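Subject: Structure for your review

Dear colleague,

Please find below the structure that I am handing over to you.

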Amino acid sequence: MNFANAGLGNRLRFTLSAQALAEAEGRRFRYLWPTDKDFSARLTELWEYEPGESASMSESRQLLSEFPYVNEKVDFWTPEMRALPIWHVRSVNTLPVPEGSQTWEQHFRALTPVQQIRDRISDLRDAVAGRRYVGVMIRAHERSHVKTLEASPVVWYTKRMAELQAAEPNLWFYISSDVQEVQDAVIASIPNCFGQTDKGPYNTTAGVQSSVADLYMLASSVHILAPYWSSFGDISWILSDGCVAKETSRTMHGDPTAWQLVDPAPDPLKPSLRAQVIA
């Protein structure tokens, strides 16, 4: 079970790692993906997700007296835990899986977005027409973590974009922001930028569906400029299987010059397939 206030990245990591753990242990998998006015999109409105059966909050509450919540800190492989018929897990963190098992990252890369999102991604790729582009994810919403807002101001992005474009004048940028006005301002200030214009309100079903399209566009780019201390940039990089570098104002994952050596993913729905070509 996810916490209701968890964002998309934490929900994915927990749910898919719970699936991986259940499969590794030969257990039936059920998941609870809470929705409310602060996060209204169901998992099945984002991806064609079939491995588990959705559970309800009332079912979870009924289990509590006999099977209290545990989290990722419990040792699932003790005799006492293995003897339990039900593992009732609640967290926003990744659960451990036995060595050699499928990981949540592998499950994530195997997912297929729903048709509505696939159509949106296709339209976005048509707009860039095969050009080389850097994915830029800007967190500016007031609900973003204070560390993110302090460490990743818009000026850092625009300065870094100008540096990259100076090295490759025909380079394009895909701009994703959780504040439309910020996205529009960046697109107006830097040449060769594009992005979604009809993303929907923050964390509504339409808004989260637009965010999923952003994930795939970022992961399919030649380089990712991401917000510091935000899981969104992390999962876009994981979706690419690390075949592009992810850069924040404080950290770098991968080769910082790799953007000069690769092209956008041939299939934006499978950004990780590029890793096989590079290898």
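A residue is called buried when its relative accessible area is under 20%, exposed when it is over 50%, and partly exposed in between, using a 1.4 Å probe and protein chains only. Please note that this is a predicted model, in which local features need pLDDT of at least 70 and side-chain atom pairs count only at pLDDT 80 or more, while totals for chains, interfaces and linings use all residues. Residues are numbered from 1 along each chain as its sequence is written, and side-chain values use heavy atoms, with hydrogens and water left out.

Aromatic pairs

Rings of Phe, Tyr and Trp (its six-membered ring) form a pair if their centres lie within 6.5 Å; planes under 30 degrees apart are stacked, over 60 edge-to-face, and the rest tilted. The structure contains 13 aromatic pairs. One of them joins Trp47 and Phe108 edge-to-face, with 6.1 Å from centre to centre and 80 degrees between the planes. Trp47 belongs to the loop between strand S1 (30–31) and strand S2 (53–54), and Phe108 to helix H4 (residues 104–110), so this pair ties together parts that are 61 residues apart in sequence. Helices (H or I, at least four residues) and strands (E, at least two) are DSSP runs numbered from the N terminus. Trp47 and Phe108 are both buried.

The pair of Phe76 and Trp87 is tilted, because the ring centres are 4.9 Å apart and the planes stand at 50 degrees. Phe76 and Trp87 are also both buried.

Helices H9 and H10

The axes of helix H9 (residues 205–219) and helix H10 (residues 231–239) come within 8 Å and cross at roughly 55 degrees. This makes H9 oblique to H10; angles under 35 degrees count as roughly parallel, over 145 as roughly antiparallel, 65 to 115 as roughly perpendicular, and the rest as oblique. The axes are lines fitted to C-alpha atoms, for helices over the stretch in contact, and angles run from 0 to 180 degrees between N-to-C directions. In the contact (heavy atoms within 4.5 Å), Ser211, Asp214, Leu215, Tyr216, Leu218 and Ala219 of H9 meet Phe232, Ile235, Ser236 and Leu239 of H10.

A residue in helix H7

Ala162 is located in helix H7 (residues 154–167). Its relative accessibility is 40%, so Ala162 counts as partly exposed.

Yours sincerely
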